[in-house]
Each structure stands twice: as structure tokens, then as C-alpha cells.
Amino acid sequence: MAESAPVIFPLTGRRIFVAGHCGMVGGALLRRLAREHCAVLTVGRREVDLRRQADVERWFSAARPEAVIVAAATVGGIFANDTRPAEFLYDNLQIASNVIEAARRSETKKLLFLGSSCIYPRLAAQPMVEDALLSGPLEPTNQWYAVAKIAGLKLCAAYRRQYGADFISAQPTNLYGPGDTYDLTASHVVPALIAKTHYAKLSGAGEVEIWGTGAPRREFLHVDDLADALVFLMMRYSGESHVNVGWGEDVSIRELAELIAEVVGFTGTFRYDTARPDGAPRKLLDVSKLAAMGWRPRIALRDGLADAYRWFVANAATSRDQVATPT
Ligand code: GFB
């Protein structure tokens, strides 16, 4: 394994703002940052709506964080992206613009913005390198979210060039883990299949519905691995290009469903609803840039799914024995 890149921005003693601390990524960042000797700042949605420029600028000029991680976003799986295009575009453009500009005005020394696995072209060569950005058309189901996230990456690059700000961005693959969303109208595939197989097991239903053909391939990273990579990049990376963060291998949705069935203990069968969209055929990140800096993920998919399932049972599962499929 490559030797770790040197620390150029120590976090010790710094005041670091985690925007979006109630989300899955924000929660993982709070757990990870508890191991650094820094003061983590958070603010609730009722106090500051990150989509409102005046709220954000008022909060930044009072709090003056030295470092910022932008983990806030309006997020969701393929159904939410496809049916709420205006929210995905507007909310995420506003969050990116407001937080990045307020950070510059209040002289934040370092900022890290997060992209999403949909920013690359639908048919990008696999695994996808950082330079594949804007080299072809986007996947239609999530182009709205992708455009907003690409704008955020470009804002960081532009602020580096024009203002000399040390603003960087990371590009995570599909994420899962504790704190995920289990509402099927908004969830990604991992929590959706955990919930569906769990309730089918409880009710004795022999069959679970999977959207699409089961053929698309996705790479999944546990959110605690992501948080570790983000802290690594905050401390050790400064550059204009975004940096991919992934596991380095992918699985088909069919393989994922079988693995989740094993973890949950569901012994029935799957039915594929091909009237539902598949989305991008494959999304696997090339992670060689981050690996060359000396960072590697640790949580293998099976272990990570078991962890996510434990969290679901303890925190999100209800006494219902079935879940409604969104139409
Ligand atoms: O996780 P997912 O919604 O995200 O879907 P994307 C991944 C694949 O799983 C798709 C299939 O091929 C879905 O059709 N799938 C099967 C299901 N059953 C289900 C189910 O019950 N629920 C869900 N949600 N999927 C999102 C983007 O794309 O990923 C966002 O829309 C973002 O913009 C995010 O990039 C990371 O990988 O297709």
C-alpha cells in the first residue's frame, strides 16, 4: 500500500462545520471526527435553511468556521430523482452556492464538497476516472441531481482559481450504512431491499419485488469508510480535480439482492419488475488516485450490509409486516 500523503491541514484544535449532520454522511462524519481533536460545529434545519442565502451568510459570519464539509444535500434513489427533478436541481444548486460563497466571505481556510456517482456520463468507460466528467450525456433519471453536483464541483475549482481558496471536492460512489433512509419513495437500493426482505421474512411472503432487470452493476461503499476518506482528504489533499472515493469492485443488483437475502435470512424468491427503470447500466469508480495517496476502504460489502441491517432493526424497522411500493 502507498505511503500516506503528508498532512498539510491538521484538524487538531480547529472549528469544523459539518453541514448536513443529520444525514447518513453527516452522522458518519460526526462519529469519525470525534477521534480528531477538533471542535465540530452543527446547526439545525429550523435555525438555518441552507437553501436560503441570507440564513447561511448570517450563520457563517457569526460562527466563522475554519473548515467546512458540505455533507448536506437533497438526496434519494432512482424513484425520487426521477419524480422530483425540480427539488433535486434547485435545492442542491442553492446549498452548494450558498455554503461555498459564505465560506469564502467568512475566510474559511478549507472546504470539502461532495459529488455523487451520477455526475459521470451514463456510458462512461468503466471504471470511471475523474477526467470522465462532462465527456458525454448524463443518465436521464438523475441528470437534475447530477447537474447540481457538477456545479458544486466546478464552484470549488473556480473559487480555487479566482480567490486562491483551498476548496476541494470528493466524489463518492453509491453509499449505504447506519442512518440510511428506509422510506421506499426516497431510498436507494440497499435500504429498499433490506426493508423489503425483512418485512417479507416477518410476514412469510415468499416473494420480493426488485425494480428493473437486476442486471445493472453498482459499487457500494459503507458510509464509515467514506467518512474516513473525507477526513483523510481534508488533511492531506489540495487540488482542483475532485477525487473518487469507492470500494473498487461492483456487483449486479441481482447479486446484491441475494447477498441481502442471506444477511436478512429471507429464503423466498425475487420478482423483477422490468417496467421500472434500471438507471445507469454500470457505475464503478476508478479509485487509483486516492489509493496512490495511501487510503484504502476497510468494510467489505457483506460485513457492511450486516451492520446496516442491525441498524435498521434497532432504529427504523416498524411492526408493519409489509411496505407500500411507490407508484
Ligand atoms: O440505489 P438506486 O436508487 O440508485 O438504484 P442509482 C440502483 C439500482 O437498483 C437501479 C435498482 O437499477 C434500481 O432500478 N433497484 C431494484 C432499486 N430495486 C430497487 C428498489 O426497491 N429501490 C431502489 N431505489 N432501487 C441514484 C441516483 O442512482 O444513486 C442518484 O438516482 C445518486 O442521483 C445515487 O447518484 C447515488 O445508482 O440508480
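# Briefing: ligand shell, cysteines, rings and backbone

Cys 38 is buried, with a relative accessible area of 17%; buried means under 20%, exposed over 50%, and partly exposed in between, using a 1.4 Å probe and protein chains only. This is a predicted model, in which local features need pLDDT of at least 70, side-chain atom pairs count only at pLDDT 80 or more, and totals for chains, interfaces and linings use all residues. Residues are numbered from 1 along each chain as its sequence is written, and side-chain values use heavy atoms, with hydrogens and water left out. Here is a tour of the features, starting with the ligand.

**Around the ligand**

- Val 189 uses its backbone: one of its polar backbone atoms is 2.8 Å from an oxygen atom of the ligand.
- Arg 218 uses its side chain instead, where an N or O atom is 2.7 Å from a ligand oxygen.
- Lys 283 also has a polar side-chain atom 2.8 Å from an oxygen atom of the ligand.
- On its own the ligand would expose 710 Å², and the protein buries 97% of that area (Shrake-Rupley method, 1.4 Å probe).

**Cysteines**

- Searching the whole structure turns up 0 disulfides (a disulfide needs two cysteine sulfur atoms within 2.5 Å).
- Cys 38 is in no disulfide, and the nearest cysteine sulfur, that of Cys 22, is 18 Å away.
- Cys 156 is also in no disulfide; for this residue the nearest cysteine sulfur belongs to Cys 118, at 16 Å.
- Cys 156 counts as buried because its relative accessibility is 1%.

**Aromatic rings**

- There are 12 aromatic pairs in the structure; rings of Phe, Tyr and Trp (its six-membered ring) pair if their centres lie within 6.5 Å, with planes under 30 degrees apart stacked, over 60 edge-to-face and the rest tilted.
- Phe 88 and Tyr 145 form an edge-to-face pair, because their ring centres are 5.7 Å apart and their planes meet at 85 degrees.
- This pair joins distant parts of the chain, with Phe 88 in helix 4 (residues 85-105) and Tyr 145 in helix 5 (residues 143-163), 57 residues apart.
- Phe 88 and Tyr 145 are both buried.
- Tyr 159 and Tyr 163 have ring centres 5.1 Å apart and planes at 70 degrees, so this pair is edge-to-face.
- Both of these tyrosines, Tyr 159 and Tyr 163, sit in helix 5, 4 residues apart, or about one turn of the helix.
- Tyr 159 counts as buried at 11% relative accessibility, whereas Tyr 163, at 40%, counts as partly exposed.
- A cluster linked by ring pairs takes in Tyr 182, Tyr 199, Tyr 309, Trp 311 and Phe 312.

**Backbone details**

- Most residues other than glycine have a negative phi, and most peptide bonds are trans.
- The peptide bond from Gln 126 to Pro 127 is cis, with omega near -10 degrees.
- Pro 127 belongs to the loop between strand 4 (110-114) and helix 5.
- Arg 64 has a positive phi, near 40 degrees, in a residue other than glycine, and its place is in the loop between helix 2 (53-63) and strand 3 (67-70).
- Arg 64 is partly exposed, at a relative accessible area of 38%.
- Glu 107 is another non-glycine residue with a positive phi, near 60 degrees.
- Glu 107 lies in the loop between helix 4 and strand 4, and is exposed, with a relative accessible area of 61%.

**A buried aspartate**

- Asp 228 is found in helix 7 (residues 223-236), and counts as buried at 11% relative accessibility.
- Asp 228 and Ala 170 are 58 residues apart along the chain, and their C-alpha atoms are separated by 12 Å.

Definitions and conventions:
A polar contact is a pair of N or O atoms within 3.5 Å; within protein, one must be able to donate a hydrogen and the other to accept it, and residues adjacent in sequence count only if both atoms are side-chain atoms. Helices (H or I, at least four residues) and strands (E, at least two) are DSSP runs, numbered from the N terminus.
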